[in-house]
Amino acid sequence: MLYRFDDVDDRLELLPLAARRALDLAGRRLSREGWQSLSLADRRRIVELGAAPVVDVPAVVERVLGATPAASALPPPAEPDADTPPDAVLAAFGEERPISPAVWGALTPLDRYALAKVAERGRPERLAAAYAEIVGQTAVSTHVAASGGARMVDVSEKRTTHRRAEARSLVTMSSAAFARLRAADVAKGDVLGTARIAGIMAAKRTHELIPLCHPIALTKVTVDLELDPVASAVRIATVAEATDRTGVEMEALVAASVAALTVYDMLKSIDRGMTLGPTELASKSGGRSGDYRR
């Protein structure tokens, strides 16, 4: 809740950016004297409120009632848009300190507010320090924290919408292996049935298989397998659906991949030269990035 570049320590003698955000959104302005007249407990609480994804305005107003001199009223500003960094922010930080829409959207509301406030003043040394602390290595990847190291992207601000993804894969084999598969003459048993179950189970455990994927409450997973006699292949088509804050592309792709691997495993004693793939996303819908169809 306190940024190093803001030069405010835990005594809170000065207003940190989190407190400024809380006061701004509550439509209140406090002088330094008024801020310091509040108890340390009240100041800490205002900082906590300002760091929250959504500021509890009545709680902020209640905490500043005892300030001397009293807080003045002002129109509350709009929060920076979560989808696109403002032009003023991009201009202030410049090309040497890029902020892509993906990186901007992965930041917290307080981070976006802080960058916008620093951009208003345009002081070079403060711009550099704020960028290093808030954006930092995130500019390279949203799965990397500002100071380096892997992190899971915060999706709490995203809208819950219906998400759907379709994926497909292909397992190509020898004519002998295909004939055994079509005749249901495979020692390990029901190849297609087992692959279908494997794909569904894998989709539900995607977050355990792919680092930093979010657990998703899937509402639907289908895995369809079709024999292609001309190509001596099994065509796999999967669908994953959920009503959530993040997409289900990985769930559909994992289902297709594991179903293909299961087909290979059950037929490898007949043909170890089978090929898998291509495995690809066929379509997705829902979410901020819109629809996609291959």
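Me: Where is the place of Pro 278?
Reply: Pro 278 sits in the loop between strand S6 (275–276) and strand S7 (280–285). Strands here are DSSP runs of E with at least two residues, helices are runs of H or I with at least four, and both are numbered from the N terminus. This is a predicted model, where local features need pLDDT of at least 70, side-chain atom pairs count only at pLDDT 80 or more, and totals for chains, interfaces and linings use all residues. Residues are numbered from 1 along each chain as its sequence is written, and side-chain values use heavy atoms, with hydrogens and water left out.

Me: Is the peptide bond from Gly 277 to Pro 278 cis or trans?
Reply: Cis. Its omega is near 5°.

Me: And from Thr 68 to Pro 69, cis or trans?
Reply: That peptide bond is cis, with omega near -5°. Pro 69 lies in the loop between helix H4 (57–64) and strand S2 (72–73).

Me: Switching to helices. At what angle do H1 and H3 pack?
Reply: About 75°, with axes 7 Å apart. H1 covers residues 17–25 and H3 covers 40–51. Axes are lines fitted to C-alpha atoms, for helices over the stretch in contact, and angles run from 0 to 180 degrees between N-to-C directions.

Me: What does that make H1 relative to H3?
Reply: Roughly perpendicular. The cut-offs: under 35 degrees is roughly parallel, over 145 roughly antiparallel, 65 to 115 roughly perpendicular, and the rest oblique.

Me: Which residues make the contact?
Reply: From H1, Ala 18, Ala 19, Arg 21 and Ala 22. From H3, Ile 46, Val 47, Leu 49, Gly 50 and Ala 51. Contact means heavy atoms within 4.5 Å.

Me: How do they divide by class?
Reply: 7 nonpolar, 1 polar and 1 charged. Nonpolar covers Ala, Val, Leu, Ile, Met, Phe, Trp, Tyr, Cys and Pro; charged covers Asp, Glu, Lys and Arg; the others, Gly among them, are polar.

Me: What about H1 and H7, at what angle do they pack?
Reply: About 95°, with the axes 10 Å apart. That makes H1 roughly perpendicular to H7. Leu 17, Ala 18, Arg 20, Arg 21 and Asp 24 in H1 meet Pro 109, Leu 110, Tyr 113, Ala 114 and Lys 117 in H7. By class, this contact has 6 nonpolar, no polar and 4 charged residues.

Me: How many residues line the second largest pocket, and which lie nearest its centre?
Reply: It is lined by 24 residues, with Leu 15, Leu 17, Arg 20, Arg 121 and Arg 126 nearest the centre. H1, strand S1 (28–29), helix H7 (109–121) and helix H8 (124–135) each give two or more residues. H7 gives the most, with 5. The lining has 10 nonpolar, 1 polar and 13 charged residues.

Me: Asp 6, buried or exposed?
Reply: Buried, because its relative accessibility is 11%. The cut-offs are under 20% relative accessible area for buried, over 50% for exposed, and in between for partly exposed (1.4 Å probe, protein chains only). Asp 6 is in the segment before H1. Leaving out residues up to four places away in sequence, Asp 6 touches Leu 15, Pro 16, Leu 17 and Arg 126.

Me: Which phi value does Leu 212 have?
Reply: Near 70°, positive in a residue other than glycine. Leu 212 lies in the loop between H11 and strand S4 (218–228). At 26% relative accessibility, Leu 212 is partly exposed.

Terms used
1 Å grid on protein atoms, 1.4 Å probe; cavity = no way out; pocket = protein on both sides within 12 Å on 5 of 7 lines; lining within 4 Å.
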